[in-house]
Amino acid sequence: MQVGSNENEIMSADAMQTQSPSKYDRLIAAAKAVRPAPTIVVHPCDETSLRGVVDSAQAGIIRPILLGPERKIRDTANKYGLDISGFEIVEAAHSDEAAAKGVELIHAAKGEMLMKGSLHTDELMRAVTAKIGGLRTDRRISHVFVMDVPAYAETIFVTDAAINIFPDLDVKLDIIQNAIDLYVQAGFGKSPRVAILSAVETVTSKIPSTIEAAALCKMADRGQITGGVLDGPLAFDNTIDVEAARIKGIKSEVAGRAQILVVPDLESGNMLAKNLAYFAKADGAGIVLGARVPIVLTSRADSARARMASCAVAALYAYARRQQAPTVAA
């Protein structure tokens with residue numbers, strides 16, 4: 001099955017105009033249509049994290065292996081009526097040990113995805129980013145929020161709002177490439193429109209992010225960033241509103257119709273994502289890219305639909321990577 005084929009392009013601009021209010025419905029349906037992704041779940045020891053695993057497994061999106069103190073996991077499942085009878089459980093005494101074992105199981109090819117449970121994000125990422133034995137690649141690790149904003153026609157990617165605090169130009173290159181690769185390989189569509197955000201849409205030495213935005217666009221022109229259409233700097237209004245872009249005289253394929261929003265730094269990205277969540281009632285699925293496998297990051301505040309969507313995005317991305325992997329002749 002071609003996840004990125006025309007019939008399965010989940011979030012193309014034309015389809016978005018007629019689909020249901022929840023843009024996650026087709027995303028989850030697409031993930032159900034491929035083989036469940038073997039998923040290493042690190043320390044799912046509270047109701048929220050364990051319920052997300054159970055829901056996604058019952059939907060046929062993931063095939064989980066649970067890592068953590070077995071008695072605590074089973075007690076949590078019994079307390080909240082969660083059926084984990086069909087799940088493999090690997091004993092780990094505490095969260096740090098679970099994170100380390102999770103990375104080991106990825107190296108042992110036991111899973112195609114890693115999923116955060118009830119441990120802190122920095123505990124998991126410390127094991128993932130370890131220089132010895134971690135899951136680093138040549139690409140910088142970054143985070144993408146895949147956001148269903150009810151008032152906007154497109155599914156919006158916001159990056160990076162969780163990992164890189166003050167990314168420089170080279171890091172932003174990887175942040176953008178990670179997001180483009182996710183968009184294309186997870187089946188959202190082809191050649192996504194990427195807006196590089198700043199406070200204004202003109203280049204000025206007084207705002208360094210505008211200079212970096214212009215440089216990144218030129219890097220795309222030179223083939224250093226591939227697979228998407230970039231424009232920037234763009235202010236938020238003319239990024240997502242066609243009329244705002246028209247009034248300001250901005251003519252581009254991206255302005256007013258962006259699909260990937262690249263923020264200047266983590267602070268602005270985090271505030272943007274939370275504004276969308278709490279003011280615009282958006283759901284936000286969270287994925288970490290750039291490691292050897294996609295990593296599902298969920299929050300205690302996430303809705304059940306957002307948790308399942310996080311697993312669906314990662315599963316579709318893992319599926320596409322598996323399809324692209326070279327086969328070894330017998």
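This is a predicted model: local features need pLDDT of at least 70, side-chain atom pairs count only at pLDDT 80 or more; totals for chains, interfaces and linings use all residues.
Begin by selecting Thr298, Ser299, Arg300, Ala301 and Asp302, which are the closest to the centre of the largest pocket among the 31 residues that line it; the pocket itself has a volume of about 830 Å³. Next, colour strand E5 (142–148), helix H11 (266–278), strand E10 (283–289) and helix H12 (304–324), each of which supplies at least two residues of the lining, and note that H11 gives the most, with six residues. If you then colour the lining by residue type, you will find 13 nonpolar, eleven polar and seven charged residues.

Turn now to the salt bridges, of which the structure holds 14. Select Glu112 and Arg35, whose closest N and O atoms are 3.1 Å apart; Glu112 sits in the loop between helix H5 (95–107) and strand E4 (113–116), while Arg35 sits in the loop between helix H2 (24–32) and strand E1 (37–42), 77 residues apart.

Move on to Arg139 and Asp181, which form a salt bridge at 3.2 Å, N to O. Because Arg139 lies in the loop between helix H6 (121–128) and E5 and Asp181 in helix H7 (residues 169–185), the pair ties together parts 42 residues apart in sequence. Arg139 is partly exposed at 28% relative accessibility, whereas Asp181, at 17%, counts as buried.

Finish with Lys248 and Glu201, which meet in a salt bridge at 3.6 Å, N to O; Lys248 is partly exposed at 42% relative accessibility, and Glu201 is likewise partly exposed, at 25%.

Key
Residues are numbered from 1 along each chain as its sequence is written. Side-chain values use heavy atoms; hydrogens and water are left out. On a 1 Å grid over the protein atoms alone, a cavity is a set of points where a 1.4 Å probe fits but cannot get out, and a pocket is an open set with protein on both sides within 12 Å along at least five of seven lines; lining residues have an atom within 4 Å of a point. Grid points are joined across faces, edges and corners, and a volume is the space filled by probe spheres set on the points. Helices (H or I, at least four residues) and strands (E, at least two) are DSSP runs, numbered from the N terminus. Ala, Val, Leu, Ile, Met, Phe, Trp, Tyr, Cys and Pro count as nonpolar, Asp, Glu, Lys and Arg as charged, and the others, Gly among them, as polar. A salt bridge is a side-chain nitrogen of Lys or Arg within 4 Å of a carboxyl oxygen of Asp or Glu. Buried means under 20% relative accessible area, exposed over 50%, partly exposed in between (1.4 Å probe, protein chains only).
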